[in-house]
Amino acid sequence: MNAFLISTGLVSIAEIGDKTMLLALALAAAWRRPTPIILGILVATLLNHAFAALAGTLAAEYLDGPWMRWIVGLSFLGFAVWALIPDTLDVRDDEAVEKTFAGVFWTTTAAFFLVEMGDKTQIATAGLAIRFENLPLVVAGSTLGMMLVNGPAVLLGEAAARRLPLNAIRMAAAAAFAITGLWVLLTG
């Protein structure tokens, strides 16, 4: 259960102010179709984080040894620094995208999958899979963490995002990653 809860918490904190959250806000403002947007985010996140967790699980299986603890721990310390850097996202309103349920769903799914590639939450998911060696719980937790942030972002839209203290949230995310990194380094 630790794998699920820690994955949920770390990913949800890290996702606040992330470029995929900004994408969720932009899509919600442009299309005002929350259901296909939220479903597209869910599908893209499940696929993307399953891929990341599988890569992390394979790395843990084939790259074991005491030095792996240092790689994982230092990676989380790197995520702490990365979390302090604000994300930006340039989105253009593309009238060529069909605003049907399927058009919005598939556009959201493709956009989120691509934008999430190499993102700190995807890399954190791989690191969590290495740490916990439990692919289903890490994927479920990291996906829930993404949805806890992006679902409300879609529903509440851009107005709510302007009121969130993103700098304080970034600091909390950095602290959570740093604590996890130190925990891995100190406890193995």
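Q: Before we start on this predicted model, what makes two rings pair?
A: Rings of Phe, Tyr and Trp, the last by its six-membered ring, pair if their centres lie within 6.5 Å. Planes under 30 degrees apart are stacked, those over 60 are edge-to-face, and the rest are tilted.

Q: How many aromatic pairs by this rule?
A: One aromatic pair. F105 and W106 form it, with 4.7 Å centre to centre and 80 degrees between the planes.

Q: Stacked or edge-to-face?
A: The F105 and W106 pair is edge-to-face, because the cut-off for that class is over 60 degrees.

Q: Is F105 buried or exposed? And W106, buried or exposed?
A: F105 has a relative accessible area of 13%, so F105 falls under the 20% limit and is buried. W106 is at 56% relative accessibility, so W106 is over the 50% limit and counts as exposed.

Q: Which charged end sits over a ring?
A: That of R131, which sits over the ring of F132 at 5.6 Å from the ring centre.

Q: Back to α5. What span should helix α5 have, and what are its end C-alpha atoms apart?
A: Helix α5 covers residues 101–116, which is 16 residues.

Q: Which residues in α5 are buried?
A: G103, V104, F105, T108, T109, F112, V115 and E116.

Q: What follows α5?
A: G118 follows α5, and its phi is positive, near 75 degrees.

Q: Tell me about T108. What does its side chain reach?
A: The T108 side chain reaches the backbone oxygen of V104 at 2.7 Å. T108 lies in helix α5 and is buried, at 0% relative accessibility.

Q: What does T108 touch beyond four places in sequence?
A: L27, W31, P36, I37, G40 and I41.

Q: Where is G40 found?
A: In helix α3, residues 34–62. G40 is buried, with a relative accessible area of 0%. Apart from neighbours within four places in sequence, G40 is in contact with F105, T108 and T109.

Q: How many residues apart are G40 and F112 along the chain?
A: 72 residues, yet their C-alpha atoms are separated by 7.7 Å.

Q: Core next. Which residues touch the most other members of the largest nonpolar core?
A: A24, L27, I37, I41, F112 and V154, out of 17 residues in that core. The elements giving two or more residues are α2 (19–31), α3, α5 and α7 (135–163). α2 gives the most, with seven residues.

Q: What does A24 touch, not counting residues up to four places away?
A: I41, F112, N150, A153 and V154.

Q: What does the second, separate core include?
A: The second core has 10 residues, and L10, V11, F132 and M146 are among them. F132 also has the ring under the charged end of R131.

Q: Last one, H49. What side chain does it make a polar contact with?
A: The side chain of T125, at 3.2 Å. H49 is in helix α3 and counts as buried, at 0% relative accessibility.

Q: Which residues is H49 in contact with, leaving aside neighbours within four places?
A: V11, E116, T121, Q122, T125, V139, S142, T143 and M146. Of these, V11 and M146 also belong to the second core, and E116 is one of the buried residues in α5.

Terms used. Residues numbered from 1 in each chain as written. Predicted model: local features only at pLDDT ≥ 70, side-chain atom pairs only at ≥ 80, totals over all residues. Heavy atoms only, no water. Buried < 20%, exposed > 50% of the residue type's maximum accessible area, 1.4 Å probe, protein only. Lys NZ or Arg CZ within 6 Å of the ring centre and 35° of its normal. Helix = DSSP H or I, 4+ residues; strand = E, 2+ residues; numbered from the N terminus. Contact = heavy atoms within 4.5 Å. Expected span 1.5 Å × (residues − 1). Core = buried A, V, L, I, M, F, W, Y, C linked by side-chain atoms within 4.5 Å. Polar contact = N/O pair within 3.5 Å; in protein donor to acceptor, adjacent residues only side chain to side chain.
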